[in-house]
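Here is a note for someone opening this structure for the first time. Please read the points with the model on screen.

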Amino acid sequence: MNYQNILSETQGAVAIITINRPKKLNALNRETIQELHEAFNEANEDDAIKVIIVTGSGDKAFVAGADISEFANYNVKEGKNLAAKGQALLFDFIENLSTPVIAAINGFALGGGLELAMACHFRVASDNAKMGLPEVSLGVIPGYGGTQRLPQLIGKGRAMEMIMTASMIDAETACSYGLVNHVKKQEELISFCQNISAKILRNSTVAIGAAIKAINANFKDGINGFDVEIKQFGKCFGTEDFAEGTTAFLQKRKADFPGN
Ligand code: COA
């Protein structure tokens, strides 16, 4: 598919989606959000794609936020609609994909940019990365899930401080908070994410999808995550991947998962 604001490439079983508006520090306008939805959907639907990496073009920014110029004149209804539509189309959408999504944070991840990274299944940052939710400095609050996912990832007190002060943290601090899992030199960021992808690729795709569902259930209101885990665990026993994985172990050989 032809996109205006993103690049989408495939390297083996890994799709790399790059937000490509470097002159605007990859800020998320409506069109980019729509294109990202389509690219993520396409990669998730493609049986040959087992991991998705999302990053920003250039060496300065992952994403410097939602495009402020687009919503500066919005009224209450339009503001509410912006958040609701964005969450459904991109942020909740990514979180619930069965294909693992890694955010490769290659610079500024601010506002909607950090919210995008937080919607991914986990994050790796380059050592120049800076992260923050500066919305209150604009007279608004995070609207793409930031008030929910930041406390989930780093705890309520730290999230309160980051959101109230609107200040940025560096990659090492983000790592010590658990917001990102690893910090790498910028030039090694993507290859490091590919190395993690290679480890993921050895495992059962079907089981990974089930694990994502069970883990996400812990963060959903009114849903008992333990019940979801029991259901997903049970379902695995009916899969060819389970038969192959356990047989391969007992036969002391490497599993060749039929679902992969
Ligand atoms: N929305 C729209 N445009 C943005 C943007 C955003 N969130 N972030 C950056 N840009 C644009 C700038 O307007 C500028 O465009 P211009 O060259 O046409 O004037 C361009 O990207 C480069 O940004 P600039 O501010 O000149 O770079 P900088 O290195 O001086 O500062 C930042 C970098 C990230 C500190 C600064 O761009 C910034 O604070 N951005 C907004 C962050 C934010 O509040 N995000 C939350 C939005 S809800």
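1. Is Leu25 buried, exposed or partly exposed? At 25% relative accessibility, Leu25 counts as partly exposed. Buried means under 20% relative accessible area, exposed over 50%, and partly exposed lies in between (1.4 Å probe, protein chains only). Leu25 sits in the loop between β2 and α1 (30-45). Its phi is positive, about 50°, although Leu25 is not a glycine. Most residues other than glycine have a negative phi.

2. A word on the source. This is a predicted model, in which local features need pLDDT of at least 70 and side-chain atom pairs count only at pLDDT 80 or more, while totals for chains, interfaces and linings use all residues. Residues are numbered from 1 along each chain as its sequence is written, and side-chain values use heavy atoms, with hydrogens and water left out.

3. Ala166 also deserves a look. Its phi is near 60°, a positive value in a residue other than glycine. Ala166 is in the loop between α6 and β9. Helices (H or I, at least four residues) and strands (E, at least two) are DSSP runs, numbered from the N terminus.

4. Next, strand β2 (residues 14-19). Six of its six residues are buried, so β2 is largely enclosed by the rest of the structure. Both faces are covered. Val14, Ile16 and Thr18 are buried on one side, and Ala15, Ile17 and Ile19 on the other.

5. What does β2 pair with? Strand β1 (residues 6-11) joins β2 through six bridges, running antiparallel. Two strands pair if DSSP finds at least two bridges between them. Glu9 has Ile16 of β2 as its bridge partner. β1 and β2 form a hairpin with two residues between them, and Gly12 in the turn has a positive phi of about 60°. β2 also pairs with strand β3 (residues 51-56), in the parallel sense and over six bridges. There, Thr55 of β3 is the bridge partner of Thr18.

6. There is also an open sheet of four strands. The order is β4-β6-β8-β9, with mixed pairing. Its edge strands are β4 (61-63) and β9 (169-170), each pairing on one side only. Strand β8 (residues 130-132) pairs with β9 in the antiparallel sense over two bridges. Lys130 stands opposite Asp170 in β9.

7. The structure holds four salt bridges. A salt bridge is a side-chain nitrogen of Lys or Arg within 4 Å of a carboxyl oxygen of Asp or Glu. Asp92, Glu95 and Arg149 are linked in a network of them. Arg149 meets Asp92 at 2.8 Å, N to O. Arg149 lies in helix α5 and Asp92 in helix α3 (residues 76-95), so this pair ties together parts that are 57 residues apart in sequence. Glu95 bridges to Arg149 as well, with the closest N and O atoms 2.8 Å apart. This pair, too, links distant parts of the chain: Glu95 in helix α3 and Arg149 in helix α5 are 54 residues apart. Arg149 is buried at 6% relative accessibility, and Glu95 is buried at 17%. Asp92 is partly exposed, at 28%.

8. Another bridge joins Arg253 and Glu244, with the closest N and O atoms 2.7 Å apart. Arg253 is partly exposed at 36%, whereas Glu244 is buried at 14%.

9. Two buried glutamates need a check. Glu115, in helix α4 (residues 112-119), is buried yet has no salt bridge. Lys and Arg count as positive and Asp and Glu as negative; His and the chain ends are not counted. The side chain of Glu115 reaches the backbone nitrogen of Gly143 at 3.4 Å. Glu135, in the loop between β8 and α5 (146-154), is likewise buried without a salt bridge, with Arg149 11 Å away. Beyond four places in sequence, Glu115 is in contact (heavy atoms within 4.5 Å) with residues including Glu135, Pro142 and Gly143.

10. Finally, the cysteines. A search of the whole structure finds zero disulfides (pairs of cysteine sulfur atoms within 2.5 Å). Cys120 is in none, and the nearest cysteine sulfur, that of Cys193, is 10 Å away. Cys120 is buried, with a relative accessible area of 4%.

Methods
A polar contact is a pair of N or O atoms within 3.5 Å; within protein, one must be able to donate a hydrogen and the other to accept it, and residues adjacent in sequence count only if both atoms are side-chain atoms.
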